[in-house]
Amino acid sequence: MTMVCYRPEGLEPLEAQTNFTKRELQVLYRGFKNECPSGVVNEETFKQIYSQFFPHGDASMYAHYLFNAFDTAQTGSVKFEDFVMALSILLRGTVHEKLRWTFNLYDINKDGYINKEEMMDIVKAIYDMMGKYTYPVLQEDTPRQHVDMFFQKMDKNKDGVVTLDEFMESCQEDDNIMRSLQLFENVM
């Protein structure tokens, strides 16, 4: 049985659409093809690859949310172009691009708002991913406390949901968030 492989049209269009050089795209493509020889990655494979980075926890739920953020066309698979476009934003995008991408990740149902249930799902997924060996040891109500703090800070008009504008404004007012957005700028 032959396997049909997906291959991008070429790296030139991606070079124009991303913040990567042709050389960087070649390196990224080799790595992507090494992990995903068919040229596309489905959610199960994505979860397996991602979970390798978090051996002490269960990264499957967070990987699910991350996969959905990478799979912008909602096709159930991520092509190299999808992957590299997101990576370009996360590593080299503007503050607004990074924040918009993160908002989209947290807006699980894609309705344009982050509600407390969505944020709780994300926070629990992050705690599950980090594992049981955190220090200090997490209390049972820690996720709820973090969600409450998030909404206290982000929900400017106190209507129970966080809009993109509220999210962007709140994040830009927070020095820690702004510093964290710059962490990976020089990775490649």
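# Helix packing exercises

The model is predicted, so local features need pLDDT of at least 70 and side-chain atom pairs pLDDT 80 or more, while totals for chains, interfaces and linings use all residues. Residues are numbered from 1 along each chain as its sequence is written, and side-chain values use heavy atoms, without hydrogens and water.

**Exercise 1.** Describe how helix α2 packs on helix α5.

Step 1. Find the helices (DSSP runs of H or I, at least four residues; strands are E, at least two). Helix α2 covers residues 22-35, and helix α5 covers residues 80-92.

Step 2. Take the axes (lines fitted to C-alpha atoms over the stretch in contact, with angles from 0 to 180 degrees between N-to-C directions). The axes of α2 and α5 come within 11 Å and cross at roughly 125°.

Step 3. α2 and α5 make a right-handed crossing.

Step 4. List the residues in contact (heavy atoms within 4.5 Å). From α2 come Glu24, Leu25, Leu28, Tyr29 and Phe32; from α5 come Phe80, Phe83, Val84, Leu87 and Arg92.

Step 5. Sort them by class (Ala, Val, Leu, Ile, Met, Phe, Trp, Tyr, Cys and Pro nonpolar; Asp, Glu, Lys and Arg charged; the others, Gly among them, polar). The α2 and α5 contact has 8 nonpolar, no polar and 2 charged residues.

**Exercise 2.** How many aromatic pairs does the structure hold, and what kind of pair do Phe32 and Phe83 form?

Step 1. Count the pairs (Phe, Tyr and six-membered Trp rings with centres within 6.5 Å; planes under 30 degrees apart are stacked, over 60 edge-to-face, the rest tilted). There are 15 aromatic pairs.

Step 2. The ring centres of Phe32 and Phe83 are 5.4 Å apart and the planes lie at 35°, so this pair is tilted.

Step 3. Phe32 sits in α2 and Phe83 in α5, 51 residues apart, so the pair links distant parts of the chain.

**Exercise 3.** Describe the packing of helix α6 on helix α9.

Step 1. α6 (residues 95-106) and α9 (residues 164-173) pack at about 125°, with axes 10 Å apart. That makes α6 oblique to α9.

Step 2. The crossing of α6 and α9 is right-handed.

Step 3. Contact residues of α6 include Val95, Leu99 and Phe103, and those of α9 include Leu164, Phe167 and Met168. By class, the α6 and α9 contact holds 8 nonpolar, 3 polar and 1 charged residues.

**Exercise 4.** Now treat helices α7 and α8.

Step 1. The axes of α7 (residues 116-130) and α8 (residues 142-154) come within 9 Å and cross at roughly 130°. That makes α7 oblique to α8.

Step 2. The crossing of α7 and α8 is right-handed. The contact of α7 with α8 divides into 8 nonpolar, 2 polar and 4 charged residues.

Terms used: Parallel < 35°, antiparallel > 145°, perpendicular 65-115°, else oblique. Left-handed = near helix turned anticlockwise from the far one by under 90°.
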